[in-house]
Amino acid sequence: MSGAEIQISELTDPADPDVKHLLVELALDEEAAYDHPRLGREAIVASTGPVAPVFMGENHVFVARDAQNRALGVVWCVLFDPGTGLEGEVAELYVVPEARGRGIATLLCRRAKEFFQRRRVTFACVWTREDNPAAIKAYRSAGFQPTEQAVLTWLPLPGR
Ligand SMILES: CC(C)(COP(=O)(O)OP(=O)(O)OC[C@H]1O[C@@H](n2cnc3c(N)ncnc32)[C@H](O)[C@@H]1OP(=O)(O)O)[C@@H](O)C(=O)NCCC(=O)NCCS
């Protein structure tokens with residue numbers, strides 16, 4: 001088969017049974033690849049619904065304040081469910097320079113994790129850099145770990 005024989009078109013029927021079949025097979029392949037609790041075909045078929053063309057998200061911001069009510073740090077959590085289960089992301093984490101090194105980011109990250117637990121997310125993530133050891137330690141102490149998956153990104157930068 002050559003690429004010239006392949007046509008790609010956007011799905012118009014969200015409940016297309018062929019697409020549902022592909023998504024179920026994908027989920028079964030994926031769960032076989034990881035050492036996580038498995039749902040099995042029946043549960044995956046039941047939970048694979050039409051692909052909603054639109055979905056909403058939520059922003060939740062938690063602020064650390066001192067006894068004088070000064071805001072010292074913030075963690076911004078995002079929730080969204082594209083139809084595959086509720087996901088969480090720590091979008092931003094910041095502590096003012098004069099309050100750093102006192103465990104505030106650690107407390108904020110733990111609060112974020114508790115929030116994700118309470119909302120029963122299926123998955124939560126955060127983006128950071130290896131050259132930010134304080135952030136890595138704060139996230140790790142809340143239970144975030146390096147992922148076993150490969151994450152690839154594309155940035156719409158000029159020349160790329
Ligand atoms: C990253 C940041 C949020 C950390 O805030 P913080 O309140 O100082 O962090 P904590 O005091 O909770 O420290 C977390 C851990 O890092 C350690 N740590 C703190 N500063 C450190 C440094 N400069 N180098 C290495 N480790 C450091 C702490 O000892 C603590 O480790 P422990 O759990 O083993 O005791 C803060 O530096 C910041 O706002 N930076 C700019 C924004 C940023 O980088 N945000 C994260 C983007 S993903």
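Me: What makes the shell around the ligand divide into nonpolar, polar and charged residues?
Reply: Residue type decides. Ala, Val, Leu, Ile, Met, Phe, Trp, Tyr, Cys and Pro count as nonpolar; Asp, Glu, Lys and Arg count as charged; the others, Gly among them, are polar. By that rule the shell holds 9 nonpolar, 6 polar and 3 charged residues. This is a predicted model: local features need pLDDT of at least 70, side-chain atom pairs count only at pLDDT 80 or more, and totals for chains, interfaces and linings use all residues. Numbering starts from 1 along each chain as its sequence is written.

Me: What puts a residue in that shell, and how many are there?
Reply: Its C-beta atom, placed from the backbone, must lie within 6 Å of the molecule. 18 residues surround the ligand. The closest are Arg100, Ala105, Thr106, Ala134 and Lys137. Elements giving two or more residues are β3 (87-95), α3 (104-118) and α4 (133-141). α4 gives the most, with 6 residues.

Me: Why is Val75 called buried?
Reply: Buried takes 20 or more other C-beta atoms within 10 Å of a residue's own; 12 or fewer is exposed, and in between is partly exposed (C-beta atoms placed from the backbone). Val75 has 28, so Val75 is buried.

Me: What is Val75 in contact with, beyond its neighbours within four places in sequence?
Reply: Contact requires C-beta atoms, placed from the backbone, within 7 Å. Val75 has such contacts with Phe62, Val90, Leu93, Leu108, Cys109, Arg111 and Ala112.

Me: How far is Val75 from Thr48 in space?
Reply: 32 Å, C-alpha to C-alpha, at 27 residues apart in sequence.

Note on methods. Helix = DSSP H or I, 4+ residues; strand = E, 2+ residues; numbered from the N terminus. Contact = placed C-beta atoms within 7 Å.
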